[in-house]
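The following report describes selected features of secondary structure and packing. The sequence and structure are shown first.

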Amino acid sequence: MTFRLLFVLAAIWVLAADWANAATLEVAEVLESVRRHHPLLLAAMNDREIAEAEVLTAQGRFDTTIRSRFDSDSFGFYTNRRVDTWVEQPLATQGMSVYGGYRMGEGSFAPYDGKLDTRSFGEWRSGVKLPLLRDRQFDSRRGELARAEIGRSLARYSVEQQRLILVQGAISRYWNWVAAGRRLTVAREALQVAEARQKLLEEGVKEGQLPAIDGVDNRRAILQRQSGLIDAERTFQQAAIELSLFLRDAAGQPRNARAEELPARFPETEALPGDRWEMDVAEALTRRPELFRLRAQAEQNFIDLRLARNAAKPAIDVMASVTSDRGSNPAVRRGPEEVKAGVAFEFPFQNRSARGKEDAAIAKQRQFEQREAFLRDQITTEVRDALSAAQAAHQRVRVLGEEIVVNRELEEAERARFQIGEGTLFQLNLREQSTLDALNREAVAHAEYQRSRAGYDYATGRLLDR
């Protein structure tokens, strides 16, 4: 009677063991660690600073330029000194640029250098340059700035895409670790059952209540479960090491999650309706960052196309300036005020460079259109597949839960038969092993469901909210 009571209590103790701990590591903590410390995400965020710097560089094309020059001729037949300072300001309006300056020349000048001489107070000048065709609607300055501003959006989309990838990876590694911990717990409990039963069997053999072969068979089960425990420990260690790439301490260094941090149980699975994939696809097409990255790249290529078409136009520039010479100098017969105007024309006859760039930009534009069409199809299939995977994983968890209940009923029945001498230890071990297999498959199925949900949220872009 004592043997049977101890045997039942040992079995109940194993079945009622609670998979709990004091310090639980939640998936939200892992994701927060990714947000704060993951090197790849931090590197992607640096792209935004690079993009801002490139915008600043492009804005520098519109900086005010100040130039100054001093020349002198000494010890020769003509002795003179000259100073020339001017300021130029490019404008974003119509490709215009304005300038102004001051120059002074004093001394004696050769007749052919008479234009360098000025009146005693120097010459003030200002002017404007206006393109009529090339560079009028668009030019390299505005094109570079537009590309840089789009690059700022590209950097933001790159950060979001990197976040999607890292969050999905972190969630997958976390639930792999939880599943490995669950399997480790199951392996330990299975070994404890066999070890506790060994003591009871040895007492039963000594008392003549059980055959000696049962003790040998149970030792075989102990060795088998010890081997399974070693494999489970290795799998758990591997899962913790892989998780450490995403779980980091305050200094940003990887840390291994401990077994004491395992959650008590898997969260309940949720059945997803199968008729929502069209809405999910529509949402994904408005949220997936790689789609916006591709469109931004296409916009940059369109800027290249505009620049190529601009370069294909003739350069016809109108220039006008006003000069004012002050003071006295009989040698200077200009001024005192003058208004000058002119037109400059330039056009490469074959224009092959511009035509080649335009053809390349048009071909690239077609490439982007084809890539976007394929990416939209790919996102659609990813959403449908992710929804199907999540639904199948939910059903698998539900079926395995029922299978575990049935296995435990059979195991208890077989244990009762063994206790009254109608069953064998071999059959009981088979029933126990069947329950252990189902528990392990349930842990894997729960992890697969969580990974499928992460894949589903990745496909729809909702993972960015996490």
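## Helix packing and sheet order

In α5, residues D214, D217, N218, R220, A221 and R225 meet L425, F426, N429, E432 and L436 in α9, a contact being heavy atoms within 4.5 Å. The residues of this contact of α5 with α9 comprise 4 nonpolar, 2 polar and 5 charged. Here Ala, Val, Leu, Ile, Met, Phe, Trp, Tyr, Cys and Pro count as nonpolar, Asp, Glu, Lys and Arg as charged, and the others, Gly among them, as polar.

The model is predicted: local features need pLDDT of at least 70 and side-chain atom pairs count only at pLDDT 80 or more, while totals for chains, interfaces and linings use all residues. Residues are numbered from 1 along each chain as its sequence is written, and side-chain values use heavy atoms, with hydrogens and water left out. Helices (H or I, at least four residues) and strands (E, at least two) are DSSP runs, numbered from the N terminus.

Two packed helices are described by the angle between their axes and the distance between the axes. The axes of α5 (residues 212-243) and α9 (residues 425-460) come within 10 Å and cross at roughly 20°. That makes α5 roughly parallel to α9, the term applying to angles under 35 degrees. The crossing of α5 and α9 is right-handed, meaning that the near helix is turned clockwise from the far one.

An open sheet is formed by 6 strands with antiparallel pairing, in the order β1-β2-β3-β4-β5-β6. At the edges stand β1 (65-73) and β6 (337-346), each with a single partner strand, so one side of each is left without a neighbour in the sheet. Neighbouring strands of this sheet are turned by 15° against each other on average, direction ignored. Strands count as paired if DSSP finds at least two bridges between them.

| Strand pair | Bridges | Sense |
|---|---|---|
| β2 (residues 80-90) and β3 (residues 97-107) | 11 bridges | antiparallel |
| β3 and β4 (residues 123-131) | 7 bridges | antiparallel |
| β4 and β5 | 9 bridges | antiparallel |

Individual residues mark these pairings. D84 stands opposite R103 in β3, S97 stands opposite K129 in β4, and E123 has D325 in β5 as its bridge partner.

T323 also lies in β5 (residues 315-325). T323 counts as buried because its relative accessibility is 7%, the cut-off being under 20% with a 1.4 Å probe and protein chains only. Apart from neighbours within four places in sequence, T323 is in contact with E123, W124, R125, P336, E337 and E338.

Note on methods:
Buried means under 20% relative accessible area, exposed over 50%, partly exposed in between (1.4 Å probe, protein chains only). Axes are lines fitted to C-alpha atoms, for helices over the stretch in contact, and angles run from 0 to 180 degrees between N-to-C directions. Angles under 35 degrees count as roughly parallel, over 145 as roughly antiparallel, 65 to 115 as roughly perpendicular and the rest as oblique.
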